Amino acid sequence: MAQNTFKAKVTNDQTKGILKGANATIPDLKISVSADTSGLITISNLPNGKFEIEITYVGFSKSKKIYSFPLKNPDQIFEISLEPSTGELAEVTIQTTRTNQSLRDIPTRIEALPYEELDEKSTMRPGDIKMLLGETTGIHVQQTSAVSANASFRIQGLDSRYTQLLQDGMPLYSGFSGNLSLLQISPLDLKQVEFIKGSASTLYGGSAIAGLVNLISKTPGKTPELTFLLNGTSAKGTDASGYYSQKWQHTGTTIFGAYNHNGAYDPSSTGLTAIPQSTRFTVNPKVFLDLDEHNSGWFGVNTTYESRYGGDMQVLAGKADNIHQYFERNKTFRFSTQLSFTHKLDEESQINFKNTIGYFDRQLDQPGFDFKGNQLSSFSEVNYVRNGEKASWVAGANLITDNFTAEPPQSSLNYSLTTIGAFVQNTYRATDWFSLESGLRLDDNTPAPNKPSNGIFILPRVNALFKLSRHLTSRIGGGLGYKMPTLFNDESEQDGYQNIKPLNIGNTQAEQSYGMNGDLNYRSALSDETIININQLFFYTYVDRPLILQNNAFINAAGHLATRGTETNIKLVMDELVFYLGYTYTDTKQHFNGQSTIQPLTPKNQLSFDATYEIEGSYRFGVESFYTGPQLLNNGNTGRGYTTFGLLVQKMWKHLDVFINAENLTDRRQTRWSNIYTGSITSPNFLDIYAPLDGVVVNAGIRIKLLN
């Protein structure tokens with residue numbers, strides 16, 4: 001009997017990356033082998049003859065081909081490329097951990113929304129990312145103003161001040177702008193969004209006790225792109241935006257511009273705005289330089305102006321009188337610069353530098369009260385990255401400055417904070433089935449908080465990845481975190497900064513935390529066209545002596561805050577049909593002064609369901625439903641649970657997309673169940689907002705792709 005050998009290297013057709021563990025089967029001979037760590041398949045001792053060889057990999061289309069043995073070239077290594085299955089995302093590269101590795105190979109648990117999913121979300125709500133975050137498992141969007149629609153987001157039950165919102169790894173949206181940022185960021189110039197849930201302070205410093213969200217911007221591609229989007233809503237909204245990108249030999253550019261307008265909208269006839277009257281202009285140009293094979297970088301500018309005017313509808317119409325007087329007006333201006341530069345030392349190592357300088361000016365006006373201030377902040381970082389075959393290293397240092405200046409008579413609220421940090425992290429791939437990622441960060445803050453830390457924080461973290469089988473993986477990890485005292489959080493925003501007393505950082509303790517999480521991920525092909533992915537996460541975070549507002553002053557609570565829970569994500573891909581089910585259980589409790597109470601405005605149960613049918617490049621049809629469970633309110637009452645439904649229809653051609661989307665089809669509104677304020681409409685005392693106020697909203701629009 002003749003002895004022949006078949007060799008093949010299996011790669012991803014889109015990314016050209018190797019597919020470790022791809023499976024080769026010869027049905028006639030009942031032989032099945034797997035690719036090694038280099039993606040190489042070797043089948044020995046084959047007899048002469050013709051045999052069909054099937055190459056498969058979970059999430060990719062199958063390859064079938066007949067080979068005749070003996071081969072004309074016995075030493076030939078066949079190149080076999082597999083295409084990602086319809087509805088299954090291509091290989092995702094993660095930027096947040098700075099090593100630019102594949103999502104599947106990183107021990108830190110990271111979730112990513114790649115461009116394919118962002119494309120769908122951007123037609124649902126082109127003007128901001130509020131919906132994008134609110135529909136993510138484990139994240140809850142909390143409205144902080146009943147008439148201005150200001151909102152923040154909470155990860156795993158923790159207040160918004162414990163989360164970081166980054167763009168391209170740089171903090172741009174925090175502090176005085178925090179509760180407006182979600183409403184001022186468009187998803188149209190994003191190519192990916194990455195989430196880390198749980199303590200991430202070791203990666204980017206304080207403020208990441210609950211986790212972080214990193215918005216990754218688009219970069220120029222091989223072909224030019226010129227896209228315009230026009231959108232209108234039944235809630236008196238209009239969006240118009242444009243995006244242009246082009247790459248030349250050594251330079252490139254992206255330019256994003258948007259105009260967003262909304263008229264005052266009161267669907268419940270309460271006399272108050274559920275959606276305020278607003279006008280916003282945004283311009284974000286960037287220049288990219290590819291100087292040579294060793295040096296590259298980019299420079300960008302972010303400019304946003306917005307006027308947001310909410311309150312009594314009669315006041316907004318210019319008909320104020322002795323009874324109708326209430327309003328909230330926010331005028332904001334944002335200007336920031338971003339710089340990123342990379343110098344490659346060799347094929348494995350590089351030095352990176354990035355910097356952002358941000359200026360945010362805000363004027364908040366209410367009857368008899370004006371609050372004006374500006375925040376000047378900066379972030380600079382230099383790091384060294386080495387990606388070896390077995391180990392990857394990142395070491396670096398950064399400088400963070402934050403200065404807030406309020407105009408009289410609130411000048412006593414001024415503050416200045418400087419943080420110098422150094423960090424090192426390592427990813428060690430011990431075996432094919434086990435990787436370990438560890439990190440250590442040292443931060444020094446000036447001015448320093450009260451004991452025990454006195455401004456210096458040592459933050460370790462460790463995460464492990466176990467590839468238990470081809471179908472089953474697990475991650476487990478944890479780390480320490482901290483948050484310096486600040487005036488800016490959901491409570492002060494809800495109070496409109498009225499009567500807030502100055503914060504003395506030196507007499508206030510920093511909030512310190514530890515957190516841990518672990519998950520199991522099962523991924524398998526049930527058939528040639530059916531793929532299932534199940535992820536089960538468990539989390540716990542402990543925050544010591546959290547900052548609370550008491551008698552208009554921020555003090556450290558006598559006790560701690562603890563949140564624990566689970567997240568379940570199930571995705572079923574059946575060729576063009578995709579089903580998604582997400583469930584979040586959150587148990588967040590305040591353990592203050594020897595008593596244990598549930599944290600207000602934190603639903604224990606949230607459930608989401610999404611079904612999408614898509615013919616790529618032709619049309620998309622989707623339905624979704626979201627359930628938010630009852631929430632404890634600050635007045636001791638319980639807000640009722642509610643369910644919303646949505647519908648999306650989109651038709652695509654080569655140069656044109658037409659879409660229509662409907663949200664909250666069952667018209668779930670808090671104003672249908674109860675009043676949202678007490679007292680008179682002249683001086684309303686607003687209650688907690690825990691459910692939608694805008695009711696059914698339908699939007700429709702077109703996207704014109706002149707270059708693609």
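**Exercise 1. Describe the protein chain as a whole, starting with how much of it is buried.**

Solution. Buried residues account for 55% of the 708 residues in the protein chain; buried means under 20% relative accessible area, exposed over 50%, and partly exposed in between, with a 1.4 Å probe and protein chains only. The model is predicted: local features need pLDDT of at least 70, side-chain atom pairs count only at pLDDT 80 or more, and totals for chains, interfaces and linings use all residues. Residues are numbered from 1 along each chain as its sequence is written, and side-chain values use heavy atoms, with hydrogens and water left out.

Next, take the secondary structure. The protein chain has six helices and 45 strands; these are DSSP runs numbered from the N terminus, helices being H or I with at least four residues and strands E with at least two. The radius of gyration is 27 Å, close to the 27 Å that the globule rule gives for 708 residues, so the chain is as compact as a globular protein of that length. This radius is taken over C-alpha atoms, and the globule rule is 2.2 Å times the number of residues to the power 0.38. The C-alpha trace spans about 100 × 55 × 55 Å along its principal axes.

Last, take the contacts (heavy atoms within 4.5 Å). Of those between residues at least 6 apart in sequence, 63% join residues at least 24 apart.

**Exercise 2. State which residues of helix 1 are buried.**

Solution. Helix 1 covers residues 115–124 and is mostly covered, with seven of its ten residues buried. The buried residues are Leu118, Asp119, Glu120, Lys121, Ser122, Thr123 and Met124.

**Exercise 3. Give the strand order of the open sheet of five strands, and find its edge strands.**

Solution. The order is 10-15-16-13-14, with mixed pairing. Strand 10 (111–114) and strand 14 (170–171) are the edge strands, and each pairs on one side only. Two strands pair if DSSP finds at least two bridges between them. Within this order, strand 13 (residues 163–167) and strand 16 (residues 211–217) run parallel and are joined by five bridges.

**Exercise 4. Follow the pairing from strand 21 to strand 25.**

Solution. Strand 21 (residues 295–311) runs antiparallel to strand 22 (residues 327–344), with 17 bridges between them. Here glutamate 306 has threonine 332 as its bridge partner in strand 22.

Strand 22 is antiparallel to strand 23 over 16 bridges, and a hairpin of four residues joins these two strands. Phenylalanine 335 is bridged to tyrosine 359 in strand 23.

Strand 23 (residues 349–366) and strand 24 (residues 369–387) are antiparallel and share 18 bridges. Aspartate 361 lies opposite asparagine 374 in strand 24. Their hairpin has two residues between the strands, and glycine 368 in the turn has a positive phi of about 75°.

Strand 24 then pairs with strand 25 (residues 391–406) in the antiparallel sense over 15 bridges. Three residues lie between these strands in their hairpin. Asparagine 383 has glycine 396 in strand 25 as its bridge partner.

**Exercise 5. Locate asparagine 685 and list its contacts.**

Solution. Asparagine 685 is in strand 44 (residues 685–686). Asparagine 685 is partly exposed, with a relative accessible area of 48%. Apart from neighbours within four places in sequence, asparagine 685 is in contact with Ile676, Tyr677 and Thr678.
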